[in-house]
Amino acid sequence: CTMAQDLSEKELLKMEVEQLKKEVKNPRVLSRIVSNQQELEPYFAFFQISKTGKEIKDYVEAQAGSDPLLKGMPEDKNPFREKGSCVIS
């Protein structure tokens, strides 16, 4: 039996959290995390949630008239309609 097999999942998670805490306290690891974040930030656009939420709501409301899930699909444009019946004799 190995040590990992003897430990419960909860104990393994606790050990992992403790290891991560040690790594974050390590100045070299912390500086690497910060520099990676600083390198990536220019590629991401940050938006206020209140503004983004309103834009999403406005878009959904504007598209509601043509949404087949809300409006229904015309029978002649429904790709899943039965095309005909089959009679077995």
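The label follows from the cut-off, because exposed means over 50% relative accessible area. Keep in mind as you look around that this is a predicted model.

**Stop 1: the partner of lysine 54.** Lysine 54 forms a salt bridge with aspartate 58, and their closest N and O atoms are 2.9 Å apart. Why do these two residues sit about one helical turn apart? They are separated that way because they are four residues apart in helix H4. Aspartate 58 is partly exposed, at a relative accessible area of 34%.

**Stop 2: a second pair in helix H4.** Select lysine 57 and glutamate 61 next. Here too there is a salt bridge, with 3.5 Å between the closest N and O atoms. Lysine 57 and glutamate 61 are likewise four residues apart in helix H4, so about one helical turn separates them. Lysine 57 is partly exposed, with a relative accessible area of 49%. How many salt bridges does a search of the whole structure find? It finds two. As background, side chains of opposite charge can pair when their charged atoms come close.

**Stop 3: color by confidence.** Helix H4 (residues 49-63) has the highest confidence in the chain, at a mean pLDDT of 88, whereas helix H1 (residues 3-6) has the lowest, at 62. Over the chain the mean pLDDT is 79, and 93% of the residues reach 70 or more. Where pLDDT is low, the predicted coordinates should not be read in detail.

**Stop 4: a nonpolar patch.** Move to Val24, Leu30, Ile33 and Val34 and show their surface. Together these residues form a nonpolar patch with about 290 Å² of accessible area. Which helix gives the most to the patch? Helix H3 (residues 27-40) does, with three residues. Click on valine 34, which is found in helix H3; valine 34 is partly exposed, with a relative accessible area of 36%.

**Stop 5: zoom out.** With the whole chain in view, you can trace five helices and zero strands. The C-alpha atoms fill a box of roughly 75 × 50 × 20 Å along the principal axes. The radius of gyration of the chain is 28 Å, while a compact globule of 89 residues would have one near 12 Å. Buried residues make up 2% of the 89 residues.

How values were computed
Residues are numbered from 1 along each chain as its sequence is written. This is a predicted model: local features need pLDDT of at least 70, side-chain atom pairs count only at pLDDT 80 or more; totals for chains, interfaces and linings use all residues. Side-chain values use heavy atoms; hydrogens and water are left out. Patches are made of residues with over 30% relative accessible area and no salt bridge: like charges are joined within 9 Å, nonpolar side chains (Val, Leu, Ile, Met, Phe, Trp, Tyr) within 5 Å. Accessible areas come from the Shrake-Rupley method with a 1.4 Å probe; for residues, only the protein chains shown count as cover. A salt bridge is a side-chain nitrogen of Lys or Arg within 4 Å of a carboxyl oxygen of Asp or Glu. Buried means under 20% relative accessible area, exposed over 50%, partly exposed in between (1.4 Å probe, protein chains only). pLDDT is the predictor's confidence in each residue, from 0 to 100. The radius of gyration is taken over C-alpha atoms; the globule rule is 2.2 Å times the number of residues to the power 0.38.
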